[in-house]
Structure formats: C-alpha cells, structure tokens
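These are my notebook entries on one protein chain. I set down what I looked up, entry by entry.

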Amino acid sequence: MRFSSAFALFLSLVFSSLAQAADSTVVVLDASGSMWGQIDGRSKIEIARETIAEVLPSVSKETELGLMVYGHRDKGSCSDIELVVPPAKGTEAAIVDFVNGITPKGKTPLTQAVREAADALKYTEEKATVVLVTDGLETCQADPCALAAELESKGVDFTAHVVGFGLTEEEGKKVSCLAEGTGGQYFQASDAGQLVVALAATVVAPPMIKEKPAEQAEPVKLEYNVMTDSALSEGGPSLGENSEIQWQIFKAAVNGEPDGDYIDLQYKASYQATYPAGKYIALATLNGSIKRKVPFEIKDGEVAKPYVNFDAGYLIISPKRTPQDAGPDDTAAVLIGFGDHSATYYGKAKFYAPAGTVSLKGTIGATTAEDSVTVKAGETVERDLVIGSGVIDNKAVYAEGGLAVESSEIFFEIAAPRKDINGERKTFGSTYGSGTKLDSPAGDFILTARLGSVRAEVPYSIKAGERKDVVVNLNAGVLAINAPGAYGIEIIEARKDIQGNRKTVSQGYGVEYKDTVAPGDYIIRVTYEGDKAPKDTSAVVKAAERTEVTVP
C-alpha cells in the first residue's frame, strides 16, 4: 500500500468517525510551505486535497463541520490563520472547494489555530471537537501542551485529536500532548502498517456479530471455539500480541472464497473468539502488505485453530551520511520496495518483508543511494544505508570581509561546476533566505546567490558527513530612489557598450524604488504621466554601501 493511499484511508476513518461523534467539529488544516514536500512522488497538499474530497461525503448530515487553515496567505506571518468555513451542517462542498484552491507558503502557528478553532466552537459553553492535521511542528514560539491544559480546564466537553502527517516519532511527541491533554488521540501517519494499527487501536470498531435470540441460543460448552496464531517462519515462535497483524474473518462461500463482507476484524497475531459453527475464510495481513488466506471450519464442541506462516523477516534500515555516524539521519527518506508494494519512511525504517529481495533507495536533498537486502523467513536484518551527503550553511556578504546579507529574498542554489553542452548547469537544491542551510552531495560544486539585479557564485568542496560555511561575495550595494510624482523609475548603466547603447539594469513603477546592484556609475531615469518630460540623475554605487537618491 502506498503511503498516500494509507493516509487517505486514515483520514477517512478519522474524519468520518470523529465528526459523526461530535455535535460540532472544526478541522484545522496545515497549509504551511512544507506541505509542498513529496511522499512517493506526490506533494502532501495534493494527497490532502484528494483525501478530503473523498472523505467528506461520508460525514453525518447532522454534524456541524468547519474548516480552519493556517499558512496559506503569507510566507512569514504567525497570524496567518483563517476560519474559512464556519462550523455548520452541509459545509462539505465548501470545504472541498477551498482546500482545492490552497497554495501552501507560510509558517506553522498550530497552537494559535487550535485556540481560535476552539473559540469558534464556543468550547466554554458547548461540546466541541477539533481535528488538527499538521505535517510540521509549531514555528511561532507557542506551547501546544500548555494550550491543552487551558482548553481542558475551561471547556465544557472539549476534545482535540491530532494527525501527524509525515512526522517522525520524536516530532510526534511534541504535538501529541494537544490530544492527550484533552482526552483525544494522536495518530501518526508515517507508514501504511502503522496507520492500520492506529485505526484498529483507536477508531475502527470491529463489527458486532448478531447473536441468536436468547430463547434459540444453544448452551455454551466452550469458552471460545476459535484460536488464531501466526509466525514469520514455519515452526518459528508465535507473533503473539503483535498488533501489526490484521485478521479478517469471512463466511466461506460454496466455491471456498469469502462470502460477502468480513464478520470480524482483529489486530493481534493470536486471539480467541466464538463464532457459529460453519466454514470460514481467514485473511491475515502483516504490516499492511503481506497477505495470507486460510480456510477453517468450526464444529460443535471443538476449537478451530487457523494458523498462518507469513514466510517473512523483519528489517531495520538506518540511513546515514557516513558509515561512522552514530545514529540514523532523521531527515533522510527511505523508499522500500518488494513485489508490487512500496512505502516511504523517514529516519530509521522498521518493517516486515516477505522472504526474498527488498530494494532500498535513500534520499537526503539531491543525494541518493540505492541498495538491496536479501531477507530470510524468521530472521531480523539490520542494515545501514549510506547516503553520502554533507550540509552547507549558505551565507552572503555585500563585500569581501564586509557586511553580511540579511534578507529573506536572497536565493541560494547549488549547481554543478561545469556546464553541459547547452551551457546549463545541473542544480542540486535551492532555498531562500539568509542563515539557511542546504543538503549537498559530496564533491565539488558551486553555490550561487541572487539578490535583486546581482548574481554571484563561489566554488566549494565538501565531504560526506561534513558541515561547512560557504560564503558568497555579492560585491554589491543598494540603490534606493525617491522620486515624488513619478510614474516609473529606471536604473541604467552609465557606461555605454561598444555599440553606444546603455543597458537597463532594472525598473519599477511608483515614487519609490530599490534594487541591489553591482558597484559603478548609473543613470536614474524618472518618467511621469502626461506630457511632463523624463528626468535623468546620476548615481554612484559602492560595494557594501547604501546609496540614497532623491529626484525632485
């Protein structure tokens, strides 16, 4: 099962079950910039859109459902929180329409968003439920655990449930307190198997078996008449209480295949139950991907013992930047594949796989590594997956040894040192903003920086596991122009080229204009609306200096 499919199933059950159970529910959806991150080649926001469109039609028509979104309008604002659909009956179509138009871009003020959702539900007066779906941690210096205590103490009947979308186990602990502190539940959507386990333990209620009327029931002779068991290898130890195993019990049709929907659903390797006498089919699933089918028959006075040998092993894959790293790199993505199954893990990957070959692909930034593991039934295999990546702390200065650039608009990009036949360089990652970092493949590369009309680059070399500062000298200054009454402002190089023409550096509209430019002599041309003649003013820009010019 692909991660996105599992997540869709997960949210479907969460939303439909929780929303039906509450009088009023607000879904708080993460629309921060990290929702452009990809899982199995698809962005998280794309998965969320499809999931919500599929899920909401199943919500009870009596439920008052609303939608709160954060991070969807401003890139750097902690107040970018909006109740886009107030809680009411019949809001499903409005919610789907809004989610389909979201463009993730901002921060993650999840604590304040949950507070505002609770206020919208009048949680101090009425029963209220909030479902938070987030792929990141709080980035606006607020404490979700403290908020949980406040909401629990003031609320009439307030519950918060939290869905950690792609969070690591360690990250999940930092937001799960919102759910635990209000009597809700935390669901970690990190892989298909864990999603299924979470549903079984918290949301999915096994179907009830209809008993015969008391006057027709036969006396119970046994405490139970079915006892299941399973192992990874023939004759191997029982998997016991392992909750990553799902049993679906079907009535058997005449042809020996399952007859209709399952009559029971259990999550442990070995369990006991009582069913009416007859023929059955048990479908056992391990880790959401390894399936075995077992027919069995229940006879009066006897205990049926359906048993499954999964013929599988257990793998623990630790992605590292170098073989010497002490522990796994939590930023690494590990894609595993066997048969027609694939799944993505972040950080250390732990999973069951059928005996045979399992393919591995690890990714850190633009660096990838591939390997394969042969697993035998019943064995546990631990393997390091080395992804030879380093980290650069990208910085820029306006002049050699001079003032550092502090701007969220500066664009850094890692590029190959050599151009291809078309004069282009292959790129290996990019980001905006001073004081940021980039994962870099090991080897020789160029870090480019672009701010305003200036572009500069610096070569660097890095080893796997190494972290280093890489500083780009922009050799530039800032030219700031004020021209009252202006329609347009144009910055032109004062020096003419060989053809006698001057090059336009940049231009803008309005009475004020600012640009980062190379040192040198410039002409500032101001134009006006109507018949008023343009004005030219000269300016000299020096590296690491701000030049302010007023054109009266």
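I took helices (H or I, at least four residues) and strands (E, at least two) as DSSP runs, numbered from the N terminus. Just after α4, I found Lys122 with a positive phi of about 55°.

I noted that this is a predicted model, in which local features need pLDDT of at least 70 and side-chain atom pairs count only at pLDDT 80 or more, while totals for chains, interfaces and linings use all residues. Residues are numbered from 1 along each chain as its sequence is written, and side-chain values use heavy atoms, with hydrogens and water left out.

I looked up the whole chain and recorded seven helices and 37 strands. Of its 552 residues, 48% are buried (under 20% relative accessible area; exposed is over 50%, partly exposed in between; 1.4 Å probe, protein chains only).

I returned to α4, residues 110–120, and listed its buried residues as Leu110, Thr111, Ala113, Val114, Ala117 and Ala118. They lie on the same side of α4, because they cover an arc of only 165° around the axis, taken from the directions from the helix axis to the C-beta atoms.

I then searched for salt bridges (a side-chain nitrogen of Lys or Arg within 4 Å of a carboxyl oxygen of Asp or Glu) and the count came to 19. In one of them, Asp329 meets Arg321 at 2.6 Å, N to O; Asp329 is buried at 14% relative accessibility, and Arg321 is buried at 10%. Lys268 and Glu241 form another, at 3.4 Å. Lys268 lies in the loop between β12 and β13 and Glu241 in the loop between β10 and β11, so the pair ties together parts 27 residues apart in sequence.
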